[in-house]
Structures are given as C-alpha cells and as structure tokens.
Amino acid sequence: MADNEAESAADGAEAAPAKNGKLKLIIAAVGFVAILGAGAGWFFLMRGGHGEEKHAEAAPPKPPSFVEVPDMMVNLVGGPGERVQYLKVKVVLEVKEEKQLEAIKPTLPRVTDLFQTYLRELRPSDINGSAGLFRLKEELTKRVNVALAPHHVNAVLFKEIIVQ
C-alpha cells in the first residue's frame, strides 16, 4: 500500500509540471498570434490609408458643367407713382457632372417659371449692391434645387443683370 501511495505521489508530481508546461506553451502561442495580428492590422491600416491618399491625388477633379437658362426680363415691384423698372437677367446653372445635363434640360421650363415668379416680386432695393445680388443668387439656387430634386445644382451664376 505504501508502494502504491509512493507511485501515485510520483505520478502527481510529474503531472503538475506537465500541466504548467502546457499552460505556458498555450499562453505563449496566444501572445505570439496576438502580436502578429496587431502587426498585420497596423501594416494594412497604414498602407491602406496611404494608398487612398495617393489614389485621390492622382485623379484630377472633373470640371463642372453648365446649363444655360433662357434670358428673362421682368418688371420690378414699385410704389404708387414710381416709374416702372425692369430687370433683365441671364443665368447659368452649374452642375457637378455632365451626366446631370440631360436630366435637367427637360425641366428648364419649370425652372424659368420659378425664377420669373420670384423675380417679379422683387423691388429695386432688394437687388441693390453686392449683398442683394448674393441673396438673390442664394434664393434662386434654393428654388432651382427644389424644382430639380433629386438632381442638385451647385450654383446659379449670373452672366448679365440689367436694371432699367
């Protein structure tokens, strides 16, 4: 019986170091894989970021396209007894891509109608100075984008403005 106890004690002593050795090996393997994964992730993130910047720099920006709107001439709102003043406007719409031109051209009558109904409500003092023209440009841009939705116009550009 003593011999059996001695043998089982010896087996227990050998089993404990074997378990500790396997545990250390597993921890070391997991740590090694984690370090490799972190290194690979860092490499791909840094390499991927630089590749996108180079690609973005290599592609030149596309020039905008322009759509001519028919000339408009409207009378401005004046007070009683004032002489009638007229506003003549030549406008161009700036769009981002040339593909949008074909989609916008059929809706130009709607755009012209919106512009004329808005312009007929203006007073000469509304378009006085650069601030007045800037407000007019912003308002026309907002109105044309509503009329052309889902298409988008970047800006309304004035070719000519005459107040007579």
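Tutor: Helices (H or I, at least four residues) and strands (E, at least two) are DSSP runs, numbered from the N terminus. The expected span of a helix is 1.5 Å times one less than its number of residues. The model is predicted, so local features need pLDDT of at least 70 and side-chain atom pairs count only at pLDDT 80 or more, while totals for chains, interfaces and linings use all residues. Residues are numbered from 1 along each chain as its sequence is written, and side-chain values use heavy atoms, with hydrogens and water left out.

In what follows, buried means under 20% relative accessible area, exposed over 50%, and partly exposed in between (1.4 Å probe, protein chains only). On that scale, H4 buries Gly132, Leu136, Glu139, Leu140, Thr141, Val144, Asn145, Ala147 and Leu148. Their cover includes strand S2 (86-95), helix H2 (99-104), helix H3 (108-119) and strand S3 (155-163), where contact means heavy atoms within 4.5 Å. H4 lies across S2 and S3 and runs at about 130 degrees to S3; axes are lines fitted to C-alpha atoms, for helices over the stretch in contact, and angles run from 0 to 180 degrees between N-to-C directions.

The loop between H4 and S3 holds proline 150. Alanine 149 and proline 150 are joined by a cis peptide bond, with omega about 15 degrees. Most peptide bonds are trans.

Two strands count as paired if DSSP finds at least two bridges between them. The order in this open sheet of three strands is S1-S2-S3, with antiparallel pairing. S1 and S3 are the edge strands, each pairing on one side only. From one strand to the next, the twist averages 15 degrees. Nine bridges link S1 and S2 in the antiparallel sense; leucine 87 in S2 is the bridge partner of valine 74.

H3 also lies across the sheet, over S1, S2 and S3, at about 40 degrees to S1. Twelve residues make up H3, and its reach of 16 Å is close to the expected 16 Å. Leu108, Val111, Thr112, Phe115, Tyr118 and Leu119 are its buried residues. Seen down the H3 axis, these fall within an arc of 135 degrees (taken from the directions from the helix axis to the C-beta atoms), so they line one face of the helix. Exposed Pro109 and Arg110 sit on the face turned away from that buried side. The buried residues of H3 pack against strand S1 (65-75), S2, H2, H4 and S3.

Apart from neighbours within four places in sequence, glutamate 68 contacts Val91, Val92, Leu108 and Lys159. Glutamate 68 and leucine 108 are 40 residues apart along the chain, yet their C-alpha atoms are separated by 9.1 Å.

For the chain as a whole, the elements run α-β-β-α-α-α-β from the N terminus, giving four helices and three strands. Of its 164 residues, 23% are buried. Among contacts between residues at least 6 apart in sequence, 70% join residues at least 24 apart.
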